[in-house]
Amino acid sequence: GTFTVPDFFIIPFRYGIGYVYGSENGIYLEDKGRTQRAFDRLRKPVIARSSSPDEDGLTASFAGMFASYPNLNSWKQLKQAIFEISESSNAERVKDYAEEMEVNHTGAMAYIVQEQVTDFLERGVIQLEKEGGIIEVTTRKGKTWSHEIDYRFLDKEVSKLFSESNC
């Protein structure tokens, strides 16, 4: 069988994003409305996800480090999500992880905005690291897990995660 990738657009790194601190909306986009028009064309809800150049690297994955925001239905919600994703790039845990993995993390971030899949499993990722794995799951009911595991217990942990989800 085939899988159809839901429609999406990408806001590239340094694509006219500015921050207005203290304003209600948090950010502005200097792109003459192109991003909002792209958002308006997508079926709702959408999910906004990080796309850092540091993700899925050869020596570090940064799995679960950056924020993602599902169930966005309005332009205002999307702008807030972009701001929060950007902020997650500079979190202490990200800096600590980069140092531990010996990666020069610059905080650069692009954003993926995609029509949200509304099946049971919104997203499921198993990311392998040097000495273990990280499982991330988001269900249609909005339950989210991110769990670090030792390789020896990977199959057992995946089964446990799904049995506990009550989805």
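Helices in this account are DSSP runs of at least four residues, numbered from the N terminus. The model under discussion is predicted. Its chain contains 4 helices and 9 strands, and from the N terminus on these elements follow the order β-β-β-α-β-β-α-α-β-β-β-β-α. Of the 167 residues in the chain, 41% are buried.

Lysine 95 pairs with glutamate 92, and the closest N and O atoms are 3.9 Å apart. The two residues are 3 apart within helix α3, which means that about one helical turn separates them. Lysine 95 is partly exposed, at a relative accessible area of 41%, whereas glutamate 92, at 53%, counts as exposed.

The count of salt bridges comes to 2. In the other pair, the side chains of glutamate 115 and arginine 43 meet at 3.6 Å, N to O. This bridge links distant parts of the chain: glutamate 115 lies in strand β6 (residues 110-115) and arginine 43 in the loop between α1 and β4, 72 residues apart. Glutamate 115 is buried, since its relative accessibility of 10% falls under the 20% cut-off. Arginine 43, at 41%, is partly exposed.

The loop between α1 and β4 also holds proline 45. A cis peptide bond, with omega about 0°, joins lysine 44 to proline 45.

Attention may now turn to the aromatic side chains, for which the count comes to 3 pairs. The ring centres of phenylalanine 39 and tryptophan 75 are 6.0 Å apart and their planes meet at 50°, so this pair is tilted. Phenylalanine 39 is part of helix α1 (residues 34-41) and tryptophan 75 part of helix α2 (residues 75-88); the pair therefore ties together parts that are 36 residues apart in sequence. Both members are buried by the 20% cut-off, because phenylalanine 39 has a relative accessible area of 2% and tryptophan 75 has one of 17%.

Phenylalanine 62 and tyrosine 97 form an edge-to-face pair, with 4.9 Å from centre to centre and 75° between the planes. Phenylalanine 62 sits in the loop between β4 (46-51) and β5 (69-72), while tyrosine 97 sits in helix α3, so the pair ties together parts that are 35 residues apart in sequence. Phenylalanine 62 and tyrosine 97 are both buried. Ring pairs join Phe62 and Tyr97 with Phe66 in a cluster.

The backbone of phenylalanine 62 also deserves attention. Although phenylalanine 62 is not a glycine, its phi is positive, about 60°. The relative accessibility of this residue is 1%, and it is therefore counted as buried. Asparagine 71 likewise is a residue other than glycine with a positive phi, near 60°. Its place is in strand β5, and at a relative accessible area of 40% asparagine 71 is partly exposed.

Threonine 35, located in helix α1, is 78 residues from valine 113 in sequence, and their C-alpha atoms are 9.9 Å apart. At 3% relative accessibility, threonine 35 is buried. Threonine 138, in strand β8 (residues 132-139), is 68 residues from proline 70 in sequence, with a C-alpha to C-alpha distance of 9.2 Å. Threonine 138 is buried as well, at a relative accessible area of 9%.

Note on methods: Residues are numbered from 1 along each chain as its sequence is written. This is a predicted model: local features need pLDDT of at least 70, side-chain atom pairs count only at pLDDT 80 or more; totals for chains, interfaces and linings use all residues. Side-chain values use heavy atoms; hydrogens and water are left out. Rings of Phe, Tyr and Trp (its six-membered ring) pair if their centres lie within 6.5 Å; planes under 30 degrees apart count as stacked, over 60 as edge-to-face and the rest as tilted. Buried means under 20% relative accessible area, exposed over 50%, partly exposed in between (1.4 Å probe, protein chains only). A salt bridge is a side-chain nitrogen of Lys or Arg within 4 Å of a carboxyl oxygen of Asp or Glu.
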